[in-house]
Amino acid sequence: MKHAALPILFLLLLSSVVRPQDGPAPTPQWRPVYHFTPLKNWTNDPNGLIFLDGKYHLYNQQNPYGIGWGHMSWGHATSTDLVHWEHLPLAMPETIDKDTTWRFSGSAVWDKNNSSGLCNPGGCLIAVYTADQPNLKKESQFIAYSNDRGRTFTNYANNPVIDLQKRDFRDPNVTWSTQLNKWLMVVALPREYKVRFYASSNLRDWDLLSEFGPGGYTRAAWECPFLVPLTVEGKKGQGSEKWVLVVSAGGAEKGTYMQYFTGMFDGRTFTNDNPSDTVLTLDYGDCFYAAIPWNGTPGKDKTYIGWLTPGPQATYPWTGQMSIPRDLSLRETPQGLRLVQTPASLIRNKLADLSHHRVTEAKDIALRPIKKWKAMPGNAYWIETDITVDAGANAGFLLAAKDSITGTRIGYDATLHQLYVDRSHAGGGKIKPGREIQTISLNNTGQAGSAAPTRKTIHLEILVDRSSLEVFADHGLYALSTHIFPDEDANSIYLFSNGGDAVINAIKIWDLSPVH
Ligand code: FRU
């Protein structure tokens, strides 16, 4: 278990697996309603995301036997709307033979022309994943094929398909490259803070194209990379697409962390737009990790989903959940090109139905003095709002609140130019120590308070789902994902403004709690 390669998981083991002798208490009050959780047991990274037969397949790292990390296998679920999931039997269990093989993270592609030679007529699903062999202290890349539309997989007989005889070499992400007319893989060398690009015409024989890194954030193992072309908002035709390389890097002082690089990919080499030491943060919270996009989705949207890594608070009978699926694009900003992520339009467009039309709309509400505004008994809802905060004011929402003090604050501090989530008086279950307050600097200098205070209007989307909280600001330019563990009677929304005035220009809330 103390796998040197898995700093994030090691921290999690320390925090979430140690439980009282008398067994864990069930925590249905923290089971998310519109986010994916496994029915029971442990989950971490999303794996093998693919749209097939009209369904979004979500494979994921699972421990079929317990509430902590271990026995790594691929769990499986499908959905047509990214909200309701059908839980299917394990797709790939661990293999126990002389060399225990755990099925670590990877991807899946639809081999419609049988390029692999492993398919029945009509094509097959190929999973490309890391075989982690703890006894051999080795990680190498394996493929497995499914001729029953992704329900079960058979290992290719001549695995591994790439073996560097390394302890840390993992998380292959494969897509079809129209540039190369070949399969393209990006895979991490975690301890070298590098990724490697490989190409293949049959998914079995892989040629090294190039390496990228070290660069950006290099103080934690690089894991779960992916490379994707994305459209720059408002642009059309030639030059409207840029490449984005995303890398998870978790376990060191930043905790759970993901970064990205924008640049060019010429079919062989990725060239970073920015100086090598530029660090671009993907999510400002403390739990968004190992996110990868779906292959083969209809339409133009690139949609990805991440794992919200658990902290010290046990949940039972499951551990770990996925984020809201998010659509990806790019935006030109005065600071350069930036990644934009918004909750998947597939879900947003269905909010009226998903909420059974329990929608509240309001306009022009003063946030001062502090007031209890609304009860949301199920603690599962979705807010979209524009608020204007005067210079000198500190204003926002107190959510999952028991009274005017106990709850989670989401606010904007106009003096510091900071959007923040403050869980210092959240009550309820345990949160990661030292992570009570999480901030995003909105003055674009990267330094709090270094510009003159001004009045500011902010667009926010706030997703509360019992134990998860995701905040999207400025139409997806900033994201912050974290956990909350409110007491059952802590389910009100308060509004507050200190030190000056603030107003909600407009607000809409969809109640997504179950209808009884
Ligand atoms: C990321 C990770 C991956 C690995 C998997 C094992 O959370 O450490 O690098 O493949 O989890 O479960």
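Predicted model: local features only at pLDDT ≥ 70, side-chain atom pairs only at ≥ 80, totals over all residues.

Is Cys224 buried or exposed? Cys224 counts as buried, because its relative accessibility is 5%.

**Cysteines**

- One disulfide turns up when the whole structure is searched.
- That disulfide links Cys119 with Cys124, at an S to S distance of 2.1 Å.
- The link of Cys119 and Cys124 is left-handed, with -50 degrees about the S-S bond.
- Cys119 and Cys124 are both buried.
- Cys287 is buried, since its relative accessible area is 0%.

- Thr482 lies in strand E34, which covers residues 478–483.
- With a relative accessibility of 0%, Thr482 counts as buried, because the cut-off for buried is under 20%.
- The side chain of Thr482 has a polar contact of 3.0 Å with the side chain of Arg423.
- A polar contact of 3.1 Å also joins the side chain of Thr482 to that of Gln438.
- Leaving aside residues up to four places away in sequence, Thr482 touches Asp286, Cys287, Val421, Arg423, Gln438, Ser467, Ser468 and Leu469. Cys287, one of these residues, is the buried cysteine described above.

**Cis peptide bonds**

- The peptide bond from Asn159 to Pro160 is cis, and its omega is near -5 degrees. Pro160 sits in the loop between strand E8 (154–155) and strand E9 (162–166).
- Gly213 and Pro214 are also joined by a cis peptide bond, with omega about 0 degrees. Pro214 is placed in the loop between strand E13 (207–212) and strand E14 (222–231).

- Asn114, a residue other than glycine, has a positive phi near 55 degrees. Its place is in the loop between strand E5 (102–111) and strand E6 (124–133), and Asn114 counts as partly exposed because its relative accessibility is 28%.
- His417 is not a glycine either, yet its phi is positive at about 55 degrees. His417 belongs to the loop between strand E29 (408–413) and strand E30 (418–422), and it counts as buried because its relative accessibility is 4%.

Note on methods:
Residues numbered from 1 in each chain as written. Heavy atoms only, no water. Helix = DSSP H or I, 4+ residues; strand = E, 2+ residues; numbered from the N terminus. Buried < 20%, exposed > 50% of the residue type's maximum accessible area, 1.4 Å probe, protein only. Polar contact = N/O pair within 3.5 Å; in protein donor to acceptor, adjacent residues only side chain to side chain. Contact = heavy atoms within 4.5 Å. Disulfide = S-S within 2.5 Å.
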